[in-house]
Amino acid sequence: MLKMNKNIVLIGFMASGKTLSSKELARRLKRKRVSTDELIAEREKKSIAEIFAQSGEPYFRKLEREVVHEIAAQKNLVIDCGGGVVTDPENLQALKANGIVFFLEAAPEAVYRRIKGQKNRPLLNVADPLDKIKTLLAERDPHYRMAHHVVDSNDDNIGKVVDDILNILSQD
Ligand code: S3P
């Protein structure tokens, strides 16, 4: 299992459980966890919402690309990717080259249930968040499906998601 020290990379839509699962995975595997959003926020000394509001999405995506390429070159990490990381094919390529990539799949309704009332995701601060989730998810789905493995993340059961990932890794 995990023979090659490859990174374990979690991708998927906002609120698909990447952050909690990556923390639990890192804990169980005694690996270092890195989150693209956390690294960006740390470096800019601003929240993701502030970066979007003050500098715009293209600037955020530029920072994200830099961070992704940096992290993807390392080994033995559990990587929690922001939901939009994979919209740049070169990001995904870099992550796949050195890691095993898992898509945490969650339906629009599950995402909506989880983000309702929250304000920390600038792309979903719109009049009809569910509609926006559906549109964005449909657009991104083909990118997410380029992952090596797909894991169902519709139930609010992080332990099960992590078990599924570890099972797949043990058969790899
Ligand atoms: C985004 C997802 C967010 C964050 C930013 C943009 C996206 O991360 O990177 O708000 O484009 O899907 P999470 O997936 O961790 O919410």
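Predicted model: local features only at pLDDT ≥ 70, side-chain atom pairs only at ≥ 80, totals over all residues.
I begin with helix 1, residues 18-29, and helix 8, residues 158-171, whose axes lie 9 Å apart and form an angle of about 55°. Helix 1 and helix 8 are therefore oblique to each other. Their crossing is right-handed. On the helix 1 side, the contact involves Leu20, Ser21, Glu24, Leu25, Arg28 and Leu29. Helix 8 meets these with Ile158, Gly159, Val161, Val162, Asp163, Ile165 and Leu166. Sorted by class, this contact comprises eight nonpolar, two polar and three charged residues.

The second pair is helix 4, residues 57-72, and helix 5, residues 89-97, with axes that come within 9 Å and cross at roughly 15°. That angle falls under 35 degrees, so helix 4 and helix 5 are roughly parallel to each other. The crossing in this pair is left-handed. Arg65, Val68, His69 and Ala72 of helix 4 meet Glu90, Asn91, Ala94 and Leu95 of helix 5. Here the classes are four nonpolar, two polar and two charged residues.

Is glutamate 64 buried or exposed? Its relative accessible area is 1%, so glutamate 64 is buried. Its side chain is joined to that of arginine 61 by a polar contact of 2.8 Å. Leaving aside residues up to four places away in sequence, glutamate 64 touches Asp37, Ile40, Gly82, Gly84 and Val85. Thank you.

Definitions and conventions. Residues numbered from 1 in each chain as written. Heavy atoms only, no water. Axes fitted to C-alpha atoms, helices over the stretch in contact; angles between N-to-C directions. Helix = DSSP H or I, 4+ residues; strand = E, 2+ residues; numbered from the N terminus. Parallel < 35°, antiparallel > 145°, perpendicular 65-115°, else oblique. Left-handed = near helix turned anticlockwise from the far one by under 90°. Contact = heavy atoms within 4.5 Å. Nonpolar A, V, L, I, M, F, W, Y, C, P; charged D, E, K, R; others polar. Buried < 20%, exposed > 50% of the residue type's maximum accessible area, 1.4 Å probe, protein only. Polar contact = N/O pair within 3.5 Å; in protein donor to acceptor, adjacent residues only side chain to side chain.
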